[in-house]
Every structure is written in structure tokens, then in C-alpha cells.
Protein chains: 2
Amino acid sequence: MTATVTVDIVAFALQGDQLQVLLVQRKFEPFAGRWALPGGFVLQDEGLDEAAHRELLEETGVQGYLEQLYSFGRPGRDPRGQVVTIAYLALLDHVPTPTADTDAADSRWFPVKSRPELGFDHQEIIDYAVERLRNKFEYTAASFSLLPARFMLSDLQRAYEAVLERPLDKRNFRKKMLSLDILVATGALQQRGISRPGELYEFSAEKFATLRSKGLAF
Amino acid sequence: MTATVTVDIVAFALQGDQLQVLLVQRKFEPFAGRWALPGGFVLQDEGLDEAAHRELLEETGVQGYLEQLYSFGRPGRDPRGQVVTIAYLALLDHVPTPTADTDAADSRWFPVKSRPELGFDHQEIIDYAVERLRNKFEYTAASFSLLPARFMLSDLQRAYEAVLERPLDKRNFRKKMLSLDILVATGALQQRGISRPGELYEFSAEKFATLRSKGLAF
DNA sequence: ACAAAAGTGTTCGATATACACCCATGT
DNA sequence: ACATGGGTGTATATCGAACACTTTTGT
């Protein structure tokens, strides 16, 4: 009748054209040596979101966008007994170097598409997180948390393409993004390799709040 | 480090033009005498969905559509200590008479719009459930679980209007529903009061599965 | 001159919205 | 005949999809 409650974090970040997920290699049983999601026990007098923030901070040293995903409690999912985990989705605007963790042998970012076999039911949790992220990208303006403060429109498009795993038409994409009226041109240019420099944009927090109130942004 | 885990059920059903929610009056402390969501502890070796189904069955005597909503674990949300609750959304196709429950003084259906003050953080949970239900109605074909097997198009429209709390245009509504291609006309007619009888429709399970695979139905 | 990525408009089909009258039945 | 709710079509606006060439820069 009393179960243990953990939080597990599915942290995503973009590296080049690939969506990456943060995994830790377990030092102890169960699943010692196996890769798994970062996470841990919810402490006494700690809220769920609070625990998730703490775990994310412990593993990466950074804060990021966090949202609760789903709770998993199938009997037998943890060999130690009845453990219910509250899974969280985290979005980071860069790929931080993972922090050394006392009960992890190692921790690394893996491309979502080529991740190792995981312990517990963590494959299922990541699949669920990827699906949620795709939905957020399809229906809302969720991309911002995965990008730095200033970015080119082509970066934004690459973010969408990495998440949706499908090419997008450049002209339609730009038209749509600009029509949402949440981007502001900074006037600054950035050059990437040997080609024409592109304009840097920022997200407008105010415009964004308007969208959010209409349910079109996270 | 070990918390207690409960499930709470937000069970909705339609009565006339009103969306109703099932509440129980608590017999014991905390919040004795107050209305609250039906729910209870997750048992040893019981999955979360399983616990939710059991609780729903215990309170209503019926099964229904169930989906996990969100987990709530704010410290202090339950005076007895660290209690994390996994909230579930239940949709029933009629308003069953609540089952007598040993630790409830009473249980009743209330219109969502005029419900009593609730114990714990259950107001918040219901608000969340209503929002989720609206989203499901806006973006998917979720209405079916709230209706009997056969219904008139006007019943379907009433269901949407009750949930969305906004009038819909009859012609556009019918056109859209029929174009989704998940309704089959039975040929049978039904009369409601003194007026022209209307045709009864059913949902097509096969067509429905197609929609579902495209993410357009639950 | 060429390679590489940035930038730019128009057409077409599909979908959502607005809107008003006739029909079948019971009293 | 009238009250009640069932049933029907068209015109317009909006949104997403398809599609190709020019510009700026570095080598």
C-alpha cells in the first residue's frame, strides 16, 4: 500500500541535425552497467516538479523547460518492488556536459534514433516522450526551448525537422513562423560556414504569452 | 522517501444538457463531510490503470473509458502525509447510480458547473480534467464514450455543446461529423417528445480504428 | 566561376464559417 | 393550425501544400 515514488527525466537537446537524449549508465543493481534515464527518488516534503528540477540540475548543472509527461507503475517494472515513477520531459537550449553523479558510472547524450538498450521500462518512456514532443511541435510553438536566445530561421527549421523527422518546405515554413508574430528580427547577422549570412531572430516573450493564453504555445 | 500512492477518478457523464461529475462525500478525516473525488490507494502489485478501473467499478458498478490525466504531489496536499495521486479521466455513456461505498457517507453526480466545494486539491484536478476533455473534443473524436451505442445527430451535438459550453451550428456540425466517416446510419428512427423522429447512428469501430491510428481519435 | 546556404511569391485545393428555410410528428 | 425539433446547401474566407529562382558570401 505504500509505494516508492521516483521521477525520471527525459531530457532532450539538439546537437547539429540530431535530437539527443541524456542517459546515465547505472553503477548499481538493478540493471548495473545498463543505460537508463536520469532520475531518482522524490524526497520527503518535496513536490514532483521540484524533484524533477532537482534531478535535472544534478545531472546537467542547468535548468530547462520541464513538463510532467506520464506516470508509470506497472507491477514488476522495478525489481526492487513497487516503484511508481513520474516521467518528465525536459527541453534544453544546448547540450550541457553531464555532471559527474555519485551513483552513475557514466552519463552521455545519445541521438534518440541510435540509443542503447535501456533498463527498466525506460524505452517505453522515451517513446512516449518523443511522441509528446512531436505533438507539441505539430500543434504548438514549442521549439523555443530547444534553441538559444538568438537563432537563424534555418536553425528553427532544422529543429523542427530533427524532431518531426520529415523535411519541411523552406518558404512555407518561414511564412508560417513569421505569420505567428512571435519572432523579432534583431538586425544582427550570423554567418555559418561559407555562405550568405542570415538574420538572427529572437522570440518575443510578450507575443508569446498571448499565444500561450490561446493554447497555441506551451 | 516512500510516499503513499493513490488514484483519483474524475468520472464524467452526460445528463440532459449538462456535463456531470461523480463526487463522494467523505465519511472520515481528513475532510470528513466534504465532497471529494472518488479514489483510493493503489494496492500491492496493482498497476495504476488497474487501480483506476477497480475504483471506478467500486464506485459506479460500471466500466468506462479511462485515461491517465496527471499526477499531483504537492507537499501538504493531503494532511496525512506525503501522498501522490495519479488522476484519471473516466467517460461513461450514461449516469449510473453510484454504488454504496463503505468509506463514503454519500455519493452523487453533480453538474460540473455547480459543484460543491471540494477537499484536498480536487478542485484543481477537476479543472484540469475539464480542460483535457475540452481539448479532446476540439481536436479528436472523443465524444463517443459519453453517448450510448445509438444516438441521433442532435444528441451528438448536445454532447459537444455541453462539453465545449458553446453553441454549434447545426448544419456545419452535421456536415463535419458525417465527413469524418465514422458514423453509420442504422435506418432506425427515434422520436424525442412531439416532433419529427430522427435517424439513429452508430459509431463504426473499424473506421474509428483508422482515425485513431492517425491520432484523430482517442 | 562556382559552391553553399539565405532569402523570396503565387497558385490551388481543402477546410471552417456564416447563414434560413422546409419537413414530419403530436396536440 | 401550430409548436417542436429534424433535416438540408451555398457562398466566402482562411489555411496549408506545392513549387524555382535570385542573392550574398568565401574560395
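Me: Is A:Lys170 buried or exposed?
Reply: A:Lys170 is exposed, at a relative accessible area of 52%. Exposed means over 50%, buried under 20%, and partly exposed in between, with a 1.4 Å probe and protein chains only. This is a predicted model, where local features need pLDDT of at least 70, side-chain atom pairs count only at pLDDT 80 or more, and totals for chains, interfaces and linings use all residues. Residues are numbered from 1 along each chain as its sequence is written, chains are lettered from A in the order in which they are written, and side-chain values use heavy atoms, without hydrogens and water.

Me: Which helix is A:Lys170 in?
Reply: A:Lys170 belongs to helix H4 of chain A, residues 170-180. Helices are DSSP runs of H or I with at least four residues, and strands are E runs of at least two, numbered from the N terminus.

Me: Switching to chain B. How many residues of strand E2 are buried?
Reply: In E2(B), residues 18-26, seven of nine are buried.

Me: What does E2(B) pair with over seven bridges?
Reply: Strand E7 of chain B, residues 104-111, in the antiparallel sense. Two strands pair if DSSP finds at least two bridges between them. B:Val21 has B:Phe110 as its bridge partner in E7(B).

Me: And which strand pairs with E2(B) over four bridges?
Reply: Strand E1 of chain B, residues 2-15, also antiparallel. Two residues lie between the strands of that hairpin, and B:Gly16 takes a positive phi near 60° there.
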